[in-house]
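Subject: Structure for your files, with notes

Hello,

The structure is pasted below, and my notes follow it. Please read them with the viewer open.

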Amino acid sequence: MTSLSSAPRRVRDAGPSGWLAAPALIFFLAFAVVPLIGVVFLSFTSWNGLGEIKLEGLSSWTTVLTDPVTGNALVVTAKIMFFSFVVQAPVSLLLGVFTAGGQKYRAALAVLYFLPLLLSSAAVAIAFKALLDPNFGLGPGFKLPILTQDWLGNSDLVLFVVVFVIAWQFVPFHTLIYQGGVRQIPASLYEAAEIDGAGRFRQFWNITLPQLKYTIITSSTLMVVGSLAYFDLIFVLTGGGPGYSTRLLPLHMYLTGFKANDMGAASALGVILIVIGLGLALLLQRLGGKNRNASQLEGA
Amino acid sequence: MNGYKMKIRKMRSAALAISAAGVALSLAACGSAGPAGSNVSGDSATMWGLTGGNQPVMQKSVDSWNQTNPEKSIKLDFFANDAYKTKVRTAVGAGEGPTFIYGWGGGVLKSYVDSGQVADLSDFVKENPKVKDRYLPSVLKNGEVDGKTYALPNNNVQPVVLYYNKEVFEKVGAQPPKTWDELMALVPKFKDAGIAPFSLGGQSKWPDLMWLEYLVERIGGPEVFANIAANKPGAWSDPAVTEALTKIQELVDAGGFINGFSSIAADSNADQALMYTGKAAMILQGGWIYQGMKKDAPDFVKSGKLGFTTFPAVEGGKGDPANVVGNPSNFWSISAKATDAQKKAALDYVKDGMFTDADTKALIDSGAVPVINGIEDKLAASPDKDFLTFVYGMAKKAPNFTLSWDQALSPAQGDAMLSNLDQIFLKKITPEQFVSTMNATTGK
């Protein structure tokens, strides 16, 4: 009798069955947690990928932490992260607001803006590599001296070229996020503002931006944490060069593991990458405030 | 009532979880089945080759073998050079490698031997003197580790050659350099004419290495690198290494290499295109690019505008100017993890399917010199006879043929060397820094 009376309450309190999370959890365990433990273990070993795995204590960690290339990779990663954010965030916010408008020409333009989303990073990299070639590229082809730079071979220029290509590829994605966010803002807010006599700029500043707060946090998190994972594009575009100019952390990890075949050091770099990524994601979530999960929508 | 409902709900959710787990497991199983091509169609032997000049030759050879020996058929896949080197090592380490492992000999082969990944072919070679006798002995030797044979040559001899554009040389009124001083004197001549003296695929890094290899060889002789390869402590401190690096930086300073060389990739053949289009006068590259140019710029090659010569001598150097660096050949190793049937098919192919008359002819027609005996007549009858006899003579007469350093050294050392040499060409580090960094990698 007691069980009968208490059972329904428990079910209601629990919400949907916890079992629904099982598939996702199993995937997460198999493809994230287990490999993660493997990486932490490998970082205390020395292994060339072929022979036996030898426990070596901290030697991989001392190699990695004393190697100037690691420090340089961290600096390059931070630079790319910063510049990508500074370039991508305003551009995609403005484009998102623009394409959220209902006008037909805006819808047509939006389709064009989203085209780069359809291309794989490798394809984007190969295309830009060909366009930027100092001997056979766009500049020499059209005899435009201003475009005839050694874009990918000049250590001072190459970082900005990489940031530009990344932005070209990822701005459409973030524009899409902002477009969705803007379209969710209730029209009544704008109507009220118009009655109060607020101009376009005031509306943008006082309604659109605050209403997009969580969209901005989501998009920024993806941008910042995502720049820890830029690999394929840069690998194909510059291979980390010239020298170490664009060898950012994920690329450094790959080259250490699969070119120099030092899996121990590569795993240590992997652990560093995970720690930085988690730290940044947590930090950005904190910036969102305590009630970050509450909806801002009217009536919700 | 409620208890009954709950039971059903529980059962349902349990079933859901189980089926989800099933999906996850089957997906995971897919993941571990390995790359397509490794173990498909049961037990046939698999072979991974490289794209490029020799691709059609290899394809033809395997096709005709499969036609006459359907029960011992071989499945062949091709990969680009740089991608292949990473892929095959990972695959071999994971026990998913092909039956035929394509290689260069040297340190990489040794690492396979040390971890028991490739089969010992010594007995096979002893039982089949015919196989051994067909090869040039100096080339065959590169497939041996500690006196045992683990790899057999499979294509052509590939010394590094100095190619030049005769048309451009005529225009400027210059002669190909015989000494390093002549080479340096040519640099301003070409620059004044608006032509880059040398093309270079610097982004790929290994073309940089050809300069270091030849300069060290010419200045210090073959012993310098022999000591490095033998992991003698401090072997990089040999003055020949420092002098070679200094000469490289002098050439960079003089503007010897084409604008933007560090963003030019050799895998896309852009480096050789710069030379045959006349934007650069010369290029130091492997013997294999002749095949590529023959295909990409047939008129340029056919009309005799392509010149080729040996690397210049260095005044006062100890090395014999006839010495050569490059790849003596590529090799087949047989995976130790292959099944007996795969191994048998593979060895039968090596014995009877490779270097058939048709193969040899196809190689020569493609513009390559097969690494086998008794082909002088065939080379002389080829339309590419000038280049082929030049390469053959170069390889045969060389008192010493040093294997490309990045292949001769262990992968860890090879990678460190290429990264640091890239820094030398970019003038980010001094020769002294290069030497001390490389000395620290000895034995790794």
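**Chain B overall**

In chain B, 49% of the 444 residues are buried; a residue is called buried if 20 or more other C-beta atoms lie within 10 Å of its own, exposed if 12 or fewer, and partly exposed in between, with C-beta atoms placed from the backbone. This is a predicted model, in which local features need pLDDT of at least 70 and side-chain atom pairs count only at pLDDT 80 or more, while totals for chains, interfaces and linings use all residues. Residues are numbered from 1 along each chain as its sequence is written, and chains are lettered from A and ligands numbered from 1 in the order in which they are written.

The secondary structure of chain B comprises 22 helices and 13 strands. Helices (H or I, at least four residues) and strands (E, at least two) are DSSP runs numbered from the N terminus. The C-alpha trace of chain B spans about 100 × 55 × 45 Å along its principal axes. Of the contacts in chain B with a separation of 6 or more, 77% are between residues 24 or more positions apart. Two residues are in contact if their C-beta atoms, placed from the backbone, lie within 7 Å.

**Helix H3 of chain B**

Helix H3 (residues 81-93) of chain B has 13 residues, which at 1.5 Å a residue should span 18 Å; the end C-alpha atoms are 19 Å apart, which agrees. The expected span is 1.5 Å times one less than the number of residues. Buried in H3(B) are B:Lys85, B:Arg89 and B:Val92. They cover an arc of only 70° around the axis, so they sit on the same side of H3(B); the arc is that of the directions from the helix axis to the C-beta atoms. Strand S3 (100-103) and helix H4 (106-114) of chain B are among the elements that cover these buried residues. After H3(B) comes B:Gly95, with a positive phi near 70°.

**Two helix pairs**

In chain B, helix H21 (residues 411-425) and helix H22 (residues 431-439) pack at an angle of about 170°, with their axes 10 Å apart. Axes are lines fitted to C-alpha atoms, for helices over the stretch in contact, and angles run from 0 to 180 degrees between N-to-C directions. H21(B) and H22(B) are therefore roughly antiparallel to each other. Angles under 35 degrees count as roughly parallel, over 145 as roughly antiparallel, 65 to 115 as roughly perpendicular and the rest as oblique. H21(B) contributes B:Ala416, B:Met417, B:Asn420 and B:Ile424 to the contact, and H22(B) contributes B:Pro431, B:Phe434, B:Thr437 and B:Met438. By class, the contact has six nonpolar, two polar and no charged residues. Here Ala, Val, Leu, Ile, Met, Phe, Trp, Tyr, Cys and Pro count as nonpolar, Asp, Glu, Lys and Arg as charged, and the others, Gly among them, as polar.

In chain A, helix H4 (residues 68-100) and helix H5 (residues 104-113) pack at about 140°, with their axes 8 Å apart. H4(A) and H5(A) are therefore oblique to each other. The contact is made by A:Leu95, A:Phe98 and A:Thr99 of H4(A) and by A:Arg106, A:Leu109, A:Ala110 and A:Tyr113 of H5(A). These residues divide into five nonpolar, one polar and one charged.

**Positive phi in chain B**

Most residues other than glycine have a negative phi. B:Lys427 has a positive value, near 60°, and is placed in the loop between H21 and H22 of chain B. B:Lys427 counts as exposed, with 12 C-beta neighbours inside 10 Å. Phi of B:Asn269 is also positive, near 65°. B:Asn269 is in the loop between helix H12 (239-253) and helix H13 (270-276) of chain B, and is partly exposed, with 18 other C-beta atoms within 10 Å.

**Single residues**

- A:Leu269 lies in helix H14 (residues 263-287) of chain A and counts as buried, with 26 C-beta neighbours inside 10 Å. Not counting residues up to four places away in sequence, A:Leu269 touches A:Val64, A:Thr70, A:Leu249, A:His252, A:Met253 and A:Thr256.
- A:Pro145 is in the loop between helix H7 (138-142) and helix H8 (158-183) of chain A, and is exposed, with 8 other C-beta atoms within 10 Å.

Regards
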